[in-house]
Amino acid sequence: MVHICFLNISYLFVMNTRREFLNKLGLSAMAAPMLPDLLNRIPYDGPVLRVAILGLGGYARRVADAMQSCTKAKLVAAVSGTPAKLKEWQSKYGIPEKNCYNYENFDTIRNNKDIDVVYVITPNSTHKDFVIRTAAAGKHAICEKPMALNAAEGQAMVDACKKANVKLMIGYRLHFEPQTLEVIRMRKAGEFGKILFFQGLSGFRAGDPNQWRLNKQLAGGGSLMDIGIYSINGARYMIGEDPIWVTAQETKTNPAKFKEGVDETIQFQLGFPGGAVASCLSTYNMNNLDRFFLNGENGFAEMQPSTGYGPIKGRTHKGELNQPIVTHQTVQMDEMAAIILEGKQPPVPVDGEEGVKDLKIIDAIYSAVSTNKKITLTL
Ligand code: NAD
């Protein structure tokens with residue numbers, strides 16, 4: 001623990017930078033997380049991760065807007081198949097012409113020394129090729145969830161990034177969300193006792209029947225790929241183990257809208273090595289379904305909303321969760337910058353292997369639905 005209460009606060013403003021401040025204290029940058037309030041008042045002068053966003057749709061725009069408040073990450077480039085969107089992004093986010101690419105000339109990004117990482121935010125079926133091309137160009141990759149259509153594709157992406165010696169991270173923004181991290185801290189500290197049960201409810205009503213999310217070729221499935229994955233990933237970080245078996249059942253009320261291979265609603269159960277079970281619902285047919293509940297021998301945590309853009313709200317047997325409310329994507333991108341630039345270890349992994357684990361579970365859930373059998377898992 002670092003004690004700095006002896007410092008006169010005004011002294012901080014005489015120094016220009018965080019680095020200078022830390023040097024004066026005889027601390028390395030690694031000590032920075034211990035001094036968040038004070039450091040927030042001193043301009044950051046360390047290295048900045050220079051980010052290209054590939055695919056300029058709805059979520060990409062949310063990430064780009066959130067990145068305007070980042071300290072360690074900066075949006076500097078854009079990749080799109082639509083020239084008009086590139087023009088719009090150039091003027092809105094100050095992206096220079098030389099940092100704009102289309103899907104044909106994208107591979108030449110390898111010659112651009114002003115870009116460190118490509119964040120792939122396109123429909124699911126395109127993630128694999130874009131990430132592999134990113135790795136081949138020698139750039140780090142961030143990829144949206146689900147990282148691919150199945151575990152085999154995900155593993156190919158992990159292998160390609162390893163071979164190219166670049167990092168691969170998945171856009172698991174909740175892994176940096178303060179209420180979520182507090183529940184994980186409490187679970188690790190044993191405050192819930194032995195974990196017995198998790199319930200994850202993840203859903204919304206999918207509107208437009210012609211959107212890519214309801215197209216098996218582009219989405220790889222239905223609600224499970226898009227929103228159910230939050231309950232899958234959440235079950236793992238809330239319980240703190242990887243499941244060893246899966247059972248699942250599908251319900252379809254509107255087969256005209258949710259065609260063959262596009263799941264409308266799936267209920268699934270996961271069994272964990274410590275004896276806990278998870279019971280989850282994934283759906284494209286109910287709104288306001290965003291709830292996690294964790295039960296242990298000595299306590300509980302419930303979060304609602306649990307995975308939406310926030311604010312995440314919740315309480316435990318000890319009272320309300322009252323961690324800071326943050327913009328998820330701002331924190332995510334700053335933390336991912338620290339992972340790449342400083343080798344920081346995230347509290348919950350966000351690497352490609354983490355994405356593959358979720359896809360192995362998704363593969364097993366689909367297999368349990370089609371065979372009506374309990375599927376054993378080794379992650
Ligand atoms: P969107 O439809 O709003 O945007 C997709 C973009 O990809 C569009 O600009 C489209 O032009 C482009 N695109 C590139 N290749 C395409 C192709 N072959 N077919 C169709 N479009 C193509 O979708 P979105 O909501 O931004 O989702 C994109 C990705 O981000 C998905 O993988 C989704 O799961 C993920 N996502 C993550 C979060 C999160 O909170 N982490 C939230 C929303 C979406």
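This is a predicted model: local features need pLDDT of at least 70, side-chain atom pairs count only at pLDDT 80 or more; totals for chains, interfaces and linings use all residues.

Trainee: Let's start with F130. Where does F130 lie?
Mentor: F130 is in helix α6, residues 127-136. Helices here are DSSP runs of H or I with at least four residues, strands are runs of E with at least two, and both are numbered from the N terminus.

Trainee: And is F130 buried or exposed?
Mentor: F130 is buried, because its relative accessible area is 9%. Buried means under 20% relative accessible area, exposed means over 50%, and partly exposed is in between, using a 1.4 Å probe and protein chains only.

Trainee: What does F130 touch?
Mentor: Not counting residues up to four places away in sequence, F130 touches L54, Y103, F106, V120 and T122. Contact means heavy atoms within 4.5 Å. For another distance, the C-alpha atoms of F130 and D107 are separated by 9.6 Å, and these two residues are 23 apart along the chain.

Trainee: Okay, new topic: how many residues does helix α10 have?
Mentor: Helix α10 has 17 residues, 223-239, and spans 23 Å from its first C-alpha to its last, close to the 24 Å expected at 1.5 Å a residue. That expected span is 1.5 Å times one less than the number of residues.

Trainee: Where is the kink in α10 centred?
Mentor: On I229, and the kink is about 50 degrees. The bend at a residue is the angle between axes fitted to the seven residues ending there and the seven starting there.

Trainee: How many of α10's residues are buried?
Mentor: 17 of its 17 residues are buried, so the helix counts as mostly covered by the cut-off of under 20%. Following α10 comes G240, whose phi is positive, near 85 degrees.

Trainee: Can we do strands? Which strands pair with β11?
Mentor: Strand β7 (residues 195-203) pairs with β11 in the antiparallel sense over 8 bridges. Strand β12 (residues 300-303) also pairs with β11 in the antiparallel sense, over 4 bridges. Two strands pair if DSSP finds at least two bridges between them.

Trainee: What stands opposite F293?
Mentor: Q199 stands opposite F293 in β11, and F293 stands opposite E302 in β12. Strands β11 and β12 form a hairpin, with 3 residues between them. As for cover, β11 (residues 289-296) has 6 of its 8 residues buried.

Trainee: What about T283, buried or exposed?
Mentor: T283, in strand β10 (residues 277-283), counts as buried because its relative accessibility is 0%.

Trainee: Which side chain does T283's side chain make a polar contact with?
Mentor: The side chain of T265, at 2.7 Å. A polar contact is a pair of N or O atoms within 3.5 Å; within protein, one must be able to donate a hydrogen and the other to accept it, and residues adjacent in sequence count only if both atoms are side-chain atoms. Leaving aside neighbours within four places in sequence, the contacts of T283 include S202, F204, S223 and I227.

Trainee: Last topic: how many salt bridges are there?
Mentor: The structure holds 22 salt bridges. A salt bridge is a side-chain nitrogen of Lys or Arg within 4 Å of a carboxyl oxygen of Asp or Glu.

Trainee: Which residue does E342 meet in a salt bridge?
Mentor: The side chain of E342 meets that of K72, at 3.0 Å from N to O. E342 lies in helix α11 (residues 328-342) and K72 in the loop between α4 (58-67) and β2 (73-79), so the pair ties together parts that are 270 residues apart in sequence. E342 is partly exposed at 32% relative accessible area, whereas K72 is buried at 19%.

Trainee: And what does D358 form a salt bridge with?
Mentor: With R236, and the closest N and O atoms are 2.7 Å apart. D358 is in helix α12 (residues 352-371) and R236 in helix α10, 122 residues apart. Both D358 and R236 are buried.

Trainee: Which residues are linked in a network of salt bridges?
Mentor: R236, D242, E354, K357 and D358. Within that group, the side chains of K357 and D242 meet at 2.7 Å, N to O.

How values were computed
Residues are numbered from 1 along each chain as its sequence is written. Side-chain values use heavy atoms; hydrogens and water are left out.
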